[in-house]
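The sequence and structure come first, for reference while reading.

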Amino acid sequence: MNQTICSPQNQSLQNHSHQEHDRQYWDATIETLPRDELEKLQFTRLKQHLIFAYENSPYYHDAFIQAGVNPADLQTLADLRHYPFVDKKVERTRQLVKPLLGDMLAVPERDVVYVSASSGSTGVPTLSPFTAADFDNYQNIQARLFWAAGMRPDDRYVHALNFTLFVGGPDVIGAQKLGALCFWAGTVPSDRLLLIMKDFQPTVTWTTPSYAWHLGETAKANGIDPVHDLAIRRIIVAGEAGGSIPATREAIEKLWNAKLYDFYGISDIYGACAGMCEERKGLHLAEDDILLEVLDPKTHEPVADGAPGEMVLTTLTKQARPMIRFRTGDIVTADRSPCPCGRTHARITVIGRIDDMFIISGVNVFPSDVEFVVRNISGLSGEYRISLFEENHLTRFELEIERDEISTENDQLLLDRLLHDLKLRLGVKPKKITLLPVDELPRSTHKAKRVVDLRSAGDK
Ligand SMILES: [Zn+2]
């Protein structure tokens, strides 16, 4: 910006910087590796990783013996299906067996340099340890995902995620590795974050979809125009389904005049494991480092690309605590076809958490399906609340929605349109819909709580 000196040396630096900017990939070799070569690399890494876990982690050693598998016998990637699963419960139990870091650990504690912690719903925090090499590799992958989402060294990035033990906190280092100018804001109050955005004019930020909406609305309420007074042009979102729901994405994009990129992270592995490229049709998973399985949650058999199933992830290099067949509890679809961006790594689309799914008359319903419909109907604010209750021992749901500020359509006509679209998308309809005036439903700041479960525990 103040680049008035133009010595030959500076000129060459500028040329270098332009070349950097035009580069399409962070790591072209890895990101565009033909799938057969990618799978060969995965197999080599998987076998080494399983042997490493078997030899160094007391938990995996015993678990593999119990399952009757020996990593030395692994012949194909598909052989991984004989290995036992790990889930949050196993992780918590094994941590308590041998405090602090548990017996899944595969290195001495002195080699661990960083842990993140996630509290989860049961209150016992689970720790996710990294060695120095794990951490470097992690940040290299974050830089790769940021690059794919269009971040470049001349961007200014404001990192507004929680720094307190949250795995997404250190991701700002990935942005620095990429060369962006980074502001370590953390989760400051909205007015403070807006001041940072106004004073420092960052061009990229990362938050949840609900908060991106809330922040834009708060800006407007405080006389700040997000489009003209702020410089945000790319918003990375994670933690909720909204970033992959077109109507939600478009509403936030319009509010900010920015492009939205959905990322997927999980505390047990990395702050981000997958992210959208410029095509924004699914999130590329870092498949050279994380192996993807999409399985029927009941039979545990692989489902075809495009069909929904539970995402099960296996780390391929993470040494502090290898994650072998980790059941994420997330329902996704996978697409392994070539992406127009040239990247060969599989793309995932997250549909929702298994835990958030509810069953109405034998039909699986995700809150994200309801959101898809509510956000696509004109005349509504887009806010909604689902209440689950029991009727004759069966789950039923009610829906509360809000009018927008400008619609004058007759209530019944609006509800008829909504009901028609809900039935079409969900296959079932709510027992009751309540249409509220605008601003009646609570606005959330970070992760939105949009489902109220009034059922007794036995009926879930
Ligand atoms: Zn792509």
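## A helix and its cover

Two residues are in contact if their C-beta atoms, placed from the backbone, lie within 7 Å. Helices (H or I, at least four residues) and strands (E, at least two) are DSSP runs, numbered from the N terminus. The model is predicted: local features need pLDDT of at least 70 and side-chain atom pairs count only at pLDDT 80 or more, while totals for chains, interfaces and linings use all residues. Residues are numbered from 1 along each chain as its sequence is written.

Buried residues of α6 include Asp 134, Tyr 138, Arg 144, Phe 146 and Trp 147; a residue is buried if 20 or more other C-beta atoms lie within 10 Å of its own, with C-beta atoms placed from the backbone. Among the elements that cover the buried residues of α6 are β2 (126-131), α7 (171-178) and β7 (259-264). After α6 comes Gly 150, with a positive phi near 95°.

Eleven strands form an open sheet with mixed pairing, in the order β4-β3-β5-β6-β7-β8-β9-β13-β12-β11-β10, where two strands pair if DSSP finds at least two bridges between them. Because β4 (181-184) and β10 (290-295) each have a single partner strand, one side of each is left without a neighbour in the sheet. Within this sheet, β12 (residues 326-335) and β13 run antiparallel and are joined by six bridges, and Asp 335 has Arg 347 in β13 as its bridge partner.

Another open sheet has four strands in the order β18-β17-β16-β19, also with mixed pairing, and its edge strands are β18 (432-436) and β19 (451-453). Strand β17 (residues 394-403) pairs with β18 in the parallel sense over five bridges, and Glu 400 stands opposite Thr 434 in β18.

## The domains and where they touch

The domain assignment gives domain 1 (27-353) and domain 2 (358-459), with bounds that come from an automatic or database assignment. Their centres, taken over C-alpha atoms, are separated by 29 Å, and 14 residues of domain 1 are in contact with 14 residues of domain 2. On the side of domain 1 that touches domain 2, at least two residues each come from α9 (209-221), α10 (246-256) and β13 (347-353).

Methods
Buried ≥ 20, exposed ≤ 12 C-beta atoms within 10 Å, placed from the backbone.
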